Amino acid sequence: MKVENPRYGQLVIGPPGSGKSTYCHEAYKFYENLGRQVGVVNLDPANDNMPYSPVVNIMELITVEDCMEHIKLGPNGALMHCAEYLEQHIDKWLLPALSKLGNKYNYFLFDCPGQIELYTHHNAMAHVFERLESERYSLVTVNLIDSHYCSEPSKFIATLLMALNTMLRMSLPHVNVLSKADLLRKHESMLHFNMDFYTDVLDLKYLLEKLDEDPAIHKYQKLNEAICSMVEDYALVSFQLLDVFNTDSMLRLHSHLDKANGYVYKAGEERTVNSLMTCAVGAETEAVRQQSDIEPYVRHK
Ligand SMILES: Nc1nc2c(ncn2[C@@H]2O[C@H](COP(=O)(O)OP(=O)(O)O)[C@@H](O)[C@H]2O)c(=O)[nH]1
Ligand SMILES: [Mg+2]
């Protein structure tokens, strides 16, 4: 069946400061250069520093500041309230606001709020995403996590658990991204393993050994073991490295995202059979992947 006017979206999530708004701005410029009809939708009601001009902005509906002032909630409670308010106003506000744009845009970057409990525990954002899907938006979740989290085994294990939890809860095509890869060199000395250990998440027993060396964490050995074994058993979590200011890095991520939200298969963008095949299968040797994905950022140990 041919779907008229297919619409695509990236749901950009991740903890505060992980680089969501910066990514949306850079990705907007990147896709515009590729000739896509792209627009940024701000869904973060606490987004004070928007480097882009959003085509739809939740702050016209509700802001965290207003909730704190008028309903006397703390910052976290206010953010939860805003997410629930958005969920209640999908049909009255979000979908009509997107429809009003007509056919001007068919590719949306959704800059989402940063509180991770919105994706790991709470239902409102998951419902908003489900509703968009039911309106035939082909979506991919882009989960940005600061690559600094690789510098400590305990932070990395928390990252793995958070990523897995979000993937299972959102049930959408999902790409985990270690952001700010250009800063990895700064804390390279603190990395215990080669970078592909962190990106591929294949064998976590070495991580467990490192965790056991920390006296403060040693008492949680069994819990850590259980978490690592669960992450390994699901075999879902892996990461892409991203330096958002580098075009090569954006290009590499973009090919993963096009595969994940189906853009590469359905969109009318001009393409060669070769580029389609490169995207459709992992047509790249491990050596090439290492060279392009990892070597620009850290040395091989
Ligand atoms: N060096 C570097 N800094 C980045 C990158 N991505 C984001 N940042 C910086 O990280 C900070 C937080 O980014 P922001 O987009 O506001 O994060 P958000 O809270 O997730 O929206 C800003 O100072 C950005 O300039 C990156 O790839 N490399
Ligand atoms: Mg932001």
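Tutor: The crossing of H3 and H6 is left-handed. Please bear in mind throughout that this is a predicted model.

Student: At roughly what angle do the axes of helix H3 and helix H6 cross?

Tutor: One reads the angle between the helix axes together with their approach. Helix H3, residues 75-88, and helix H6, residues 124-134, have axes that come within 8 Å and cross at roughly 30°. Because angles under 35 degrees count as roughly parallel, H3 is roughly parallel to H6.

Student: Which residues of H3 meet which residues of H6?

Tutor: On the H3 side they are Ala83, Glu84, Leu86 and Glu87, and these meet Ala124, Met125, His127 and Val128 in H6. By class, the residues of this contact between H3 and H6 comprise five nonpolar, one polar and two charged.

Student: Are H7 and H9 parallel or oblique to each other?

Tutor: The angle again decides the term. Helix H7 (residues 153-170) packs against helix H9 (residues 205-213) at an angle of about 130°, and their axes are 9 Å apart. H7 and H9 are therefore oblique to each other. Their crossing is left-handed. H7 contributes Pro153, Ser154, Phe156 and Ile157 to the contact, while H9 contributes Leu207, Lys210 and Leu211. The residues of the contact of H7 with H9 divide into five nonpolar, one polar and one charged.

Student: With which residues is His174 in contact, leaving aside its neighbours within four places in sequence?

Tutor: With those neighbours set aside, His174 is in contact with Val140, Thr141, Asn143 and Met167. His174 and Leu236 are 62 residues apart in sequence, and their C-alpha atoms are 9.5 Å apart in space.

Student: Finally, which residues come nearest to ligand 1?

Tutor: A shell is read by its members, their origin and their classes. Of the 17 residues around ligand 1, Gly19, Lys20, Ser21, Thr22 and Val244 come nearest. Helix H1, residues 20-33, gives the most to this shell, with three residues. The shell around ligand 1 divides into four nonpolar, nine polar and four charged residues.

Terms used
Residues are numbered from 1 along each chain as its sequence is written. Chains are lettered from A and ligands numbered from 1 in the order in which they are written. This is a predicted model: local features need pLDDT of at least 70, side-chain atom pairs count only at pLDDT 80 or more; totals for chains, interfaces and linings use all residues. Axes are lines fitted to C-alpha atoms, for helices over the stretch in contact, and angles run from 0 to 180 degrees between N-to-C directions. Helices (H or I, at least four residues) and strands (E, at least two) are DSSP runs, numbered from the N terminus. Angles under 35 degrees count as roughly parallel, over 145 as roughly antiparallel, 65 to 115 as roughly perpendicular and the rest as oblique. A crossing is left-handed if the near helix is turned anticlockwise from the far one by less than a right angle, and right-handed if clockwise. Two residues are in contact if their C-beta atoms, placed from the backbone, lie within 7 Å. Ala, Val, Leu, Ile, Met, Phe, Trp, Tyr, Cys and Pro count as nonpolar, Asp, Glu, Lys and Arg as charged, and the others, Gly among them, as polar. A residue is near a molecule or strand if its C-beta atom, placed from the backbone, lies within 6 Å of it.
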